[in-house]
Amino acid sequence: MIEALEREERIRTLLPMTRKLARRLKRLVPNLDVDDLVGDGCVGLIRAVDSFDPDRGPRLDEYARRLIVGAMLNGIRRMDPVSERARRIVRDGENQRYALGAARGDVPTAQEMERRCPGYGRAVAAAYRGQPLSLDAPLPIGESLAGDWSDDPARIVEERSERARLNALISSLPRRHRQIVVPHYFGGKSLRAVGRHMSISPQRASQLHVSAIAGLKRLAAY
């Protein structure tokens, strides 16, 4: 019974160190969750307390620190969608690549690296696909998004509905009015430029513009 109480007291005493190490790792890798790190660290903490042998030299806190950090790192590795083997191939390949580049003066191509390190290209592709995407960071090179999904979905639907209604109203205008409204408001052209394209005077283009706006207001009132 005394041993069980002593074991529990040791775990409770070292728990603040586990939280401190979790917060330190959180600062190094911001997207990690502190609670997950503490949970994994507690596994290492309990293992350290149960396997500690004072006759081997190091203090309990020094011994526990290594096992706690190791358990946290194992938890981080489990979250990695890329296998440790692929990471190791990429790491070793990159070391060779830069060493060759420094010695020769030019960086080896991907084909050459594949010949030197079989599986290098496949490992690099796996690491690229497994790279986490942050909403606060720029998109990877060559990637793009079709729309702005950071906006409020309800607002997006509302704007699309208003745009569709506006397109329907413009389609109901006479042809000459449409020839004024569309290039002026959606093409960024001045009324003078639109009139020149239609072979009419600027005054006539302005008159058609006023009539088109009045017609849109009447249609929108119905």
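This is a predicted model: local features need pLDDT of at least 70, side-chain atom pairs count only at pLDDT 80 or more; totals for chains, interfaces and linings use all residues.
**Entry 1: α2 and α3**

I looked up helix α2, residues 34-51, and helix α3, residues 60-79. Their axes lie 7 Å apart, and the helices pack at an angle of about 140°. Angles over 145 degrees would count as roughly antiparallel, and 65 to 115 as roughly perpendicular; α2 and α3 are therefore oblique to each other. I recorded the handedness of this crossing as right-handed.

I then listed the residues that make the contact. From α2 they are L37, D40, G41, G44, L45, R47, A48, V49 and S51. From α3 they are L60, Y63, A64, L67, I68, A71, M72, G75, I76 and R78. Sorted by class, the residues of this contact comprise twelve nonpolar, four polar and three charged.

**Entry 2: T18**

I next turned to T18, which is placed in helix α1, residues 2-28. Is T18 buried or exposed? Its relative accessibility is 0%; buried means under 20%, so T18 counts as buried. Leaving out residues up to four places away in sequence, I found that T18 touches V38, G41, C42, L45, I68 and M72.

**Entry 3: the whole protein**

I stepped back to the overall composition. How many helices and strands does the protein have? I counted ten helices and zero strands. Read from the N terminus, the order of elements is α-α-α-α-α-α-α-α-α-α.

The protein has 222 residues, and 26% of them count as buried. It exposes about 16,100 Å², of which carbon and sulfur atoms supply 55%. I also looked up the contacts with a separation of 6 or more: residues 24 or more positions apart account for 51% of them.

**Entry 4: α8 and α9**

Helix α8 spans residues 175-186, and α9 spans residues 191-198. I noted a packing angle of about 135° between α8 and α9, with the axes 9 Å apart. These two helices are therefore oblique to each other, and α8 passes α9 in a right-handed crossing. On the α8 side the contact is made by R176, Q179, I180, P183 and H184, and on the α9 side by L191, V194 and M198. By class, I recorded five nonpolar, two polar and one charged residues in this contact.

**Entry 5: V181**

Within helix α8 I examined V181. With a relative accessible area of 2%, V181 is buried. Setting aside its neighbours within four places in sequence, V181 is in contact with I170, L173, F186 and A212. I also looked up its distance to H209, which is 28 residues away along the chain: the C-alpha atoms of V181 and H209 are separated by 6.8 Å.

**Entry 6: α9 and α10**

At what angle do the axes of α9 and α10 cross? I found roughly 105°, with the axes coming within 8 Å. That makes α9 roughly perpendicular to α10. The α9 residues in the contact are L191, R192, G195 and M198, and the α10 residues are P202, A205, S206, L208 and H209. Their classes are five nonpolar, three polar and one charged.

Between α9 and α10, which covers residues 202-221, there is a loop that holds S199. I noted that S199 has a positive phi of about 60° although it is not a glycine. Its relative accessible area is 68%, and S199 is exposed.

G215 has its place in helix α10. At 7% relative accessibility, G215 counts as buried. Where does P174 stand relative to G215? The two are 41 residues apart in sequence and 9.2 Å apart in space, C-alpha to C-alpha.

A168 has a relative accessible area of 44% and is partly exposed. From A168 to L219 I recorded 51 residues in sequence and 9.9 Å in space, C-alpha to C-alpha.

Terms used:
Residues are numbered from 1 along each chain as its sequence is written. Side-chain values use heavy atoms; hydrogens and water are left out. Helices (H or I, at least four residues) and strands (E, at least two) are DSSP runs, numbered from the N terminus. Buried means under 20% relative accessible area, exposed over 50%, partly exposed in between (1.4 Å probe, protein chains only). Contact means heavy atoms within 4.5 Å. Accessible areas come from the Shrake-Rupley method with a 1.4 Å probe; for residues, only the protein chains shown count as cover. Axes are lines fitted to C-alpha atoms, for helices over the stretch in contact, and angles run from 0 to 180 degrees between N-to-C directions. Angles under 35 degrees count as roughly parallel, over 145 as roughly antiparallel, 65 to 115 as roughly perpendicular and the rest as oblique. A crossing is left-handed if the near helix is turned anticlockwise from the far one by less than a right angle, and right-handed if clockwise. Ala, Val, Leu, Ile, Met, Phe, Trp, Tyr, Cys and Pro count as nonpolar, Asp, Glu, Lys and Arg as charged, and the others, Gly among them, as polar.
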